[in-house]
Amino acid sequence: MKFTTKTEYGLVCFIYMSRHIDKETIPIKELAQQEKFSIPYLEKILQSLRAAGIVNSHHGKQGGYHLARHPSRIALKEIIEALEGGSTFDIPTFGVFCEPVIRKNIVCTHFSMCGLRPVWNKTKELLDTFYGSVTLETIAKEEREVKNLVGTPSNS
């Protein structure tokens, strides 16, 4: 499973915004400069997140973006879905390859007898549950603390 740079950049911006939650708004120029992202690409990302109700924007001289909710109430799954096409298009965080609804241009001739389908479905279930349990507040912490919170061995 791979995520696009849209999701990667969006998550980096969210971490920055979470760590600066005390600011009323964060100008897009500040985000772009701090994270070394292009402003036009960042605008597209933030528009998707605004449409999903995860960030709010303010125009004008003091304009910028801020989180629509506290970081503890924004799940990683919600961010991924907003940036990768998500529930709006009936695409889960892990698209099961053998489901014809998800991959309309692929016809699987082994659909009824394939042993992979239960494995892919379980993978989807596990990822959706895990990503739904990880909040923006969690991923905005230092790496060592996040490893402890999500149960990752310290040598990873």
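## Surface and burial

The protein chain exposes about 10000 Å², with carbon and sulfur atoms supplying 53% of that area. Accessible areas come from the Shrake-Rupley method with a 1.4 Å probe, and for residues only the protein chains shown count as cover. Of the 156 residues in the protein chain, 33% count as buried. Buried means under 20% relative accessible area, exposed means over 50%, and partly exposed is in between (1.4 Å probe, protein chains only).

The model is predicted: local features need pLDDT of at least 70 and side-chain atom pairs count only at pLDDT 80 or more, while totals for chains, interfaces and linings use all residues. Residues are numbered from 1 along each chain as its sequence is written, and side-chain values use heavy atoms, with hydrogens and water left out.

## Fold

The protein chain has 7 helices and 2 strands, in the order α-α-α-β-β-α-α-α-α from the N terminus. Helices (H or I, at least four residues) and strands (E, at least two) are DSSP runs, numbered from the N terminus.

Among contacts in the protein chain with a separation of 6 or more, 59% are between residues 24 or more positions apart. A contact means heavy atoms within 4.5 Å.

## Helix H3

Helix H3 (residues 39–51) has 13 residues and spans 18 Å from its first C-alpha to its last, close to the expected 18 Å at 1.5 Å a residue. The expected span is 1.5 Å times one less than the number of residues. The buried residues of H3 are Leu42, Ile45, Leu46 and Leu49. Viewed down the axis of H3, these buried residues fall within an arc of 95°, so they line one face of the helix; the arc is that of the directions from the helix axis to the C-beta atoms. On the other side of H3, Pro40, Lys44 and Ala51 are exposed.

The cover over the buried residues of H3 includes helix H1 (5–19), helix H2 (28–35), strand E1 (55–58), strand E2 (64–67) and helix H4 (76–84). At the N-terminal end, Ser38 caps H3, with a side-chain oxygen 3.2 Å from the backbone nitrogen of Tyr41. After H3 comes Gly53, which has a positive phi near 80°.

## Salt bridges

Side chains of opposite charge can pair when their charged atoms come close. The whole structure contains 7 salt bridges, each defined as a side-chain nitrogen of Lys or Arg within 4 Å of a carboxyl oxygen of Asp or Glu. One of them joins Glu125 to Lys122, with the closest N and O atoms 3.4 Å apart. Glu125 and Lys122 are 3 residues apart in helix H5 (residues 116–133), which means a separation of about one helical turn. Glu125 is partly exposed at 45% relative accessibility, as is Lys122 at 42%.

Glu143 pairs with Lys147 at 3.6 Å between the closest N and O atoms. Glu143 and Lys147 lie 4 residues apart in helix H7 (residues 143–150), about one turn of the helix. Glu143 is exposed at 56%, whereas Lys147 is buried at 16%. A further salt bridge links Glu145 and Lys141 at 3.9 Å, N to O; Glu145 is partly exposed at 39% and Lys141 is partly exposed at 28%.

## Thr138

Thr138 lies in helix H6 (residues 136–139) and is buried, at 14% relative accessibility. Leaving aside neighbours within four places in sequence, Thr138 is in contact with Val146 and Leu149.

Note on methods
A polar contact is a pair of N or O atoms within 3.5 Å; within protein, one must be able to donate a hydrogen and the other to accept it, and residues adjacent in sequence count only if both atoms are side-chain atoms.
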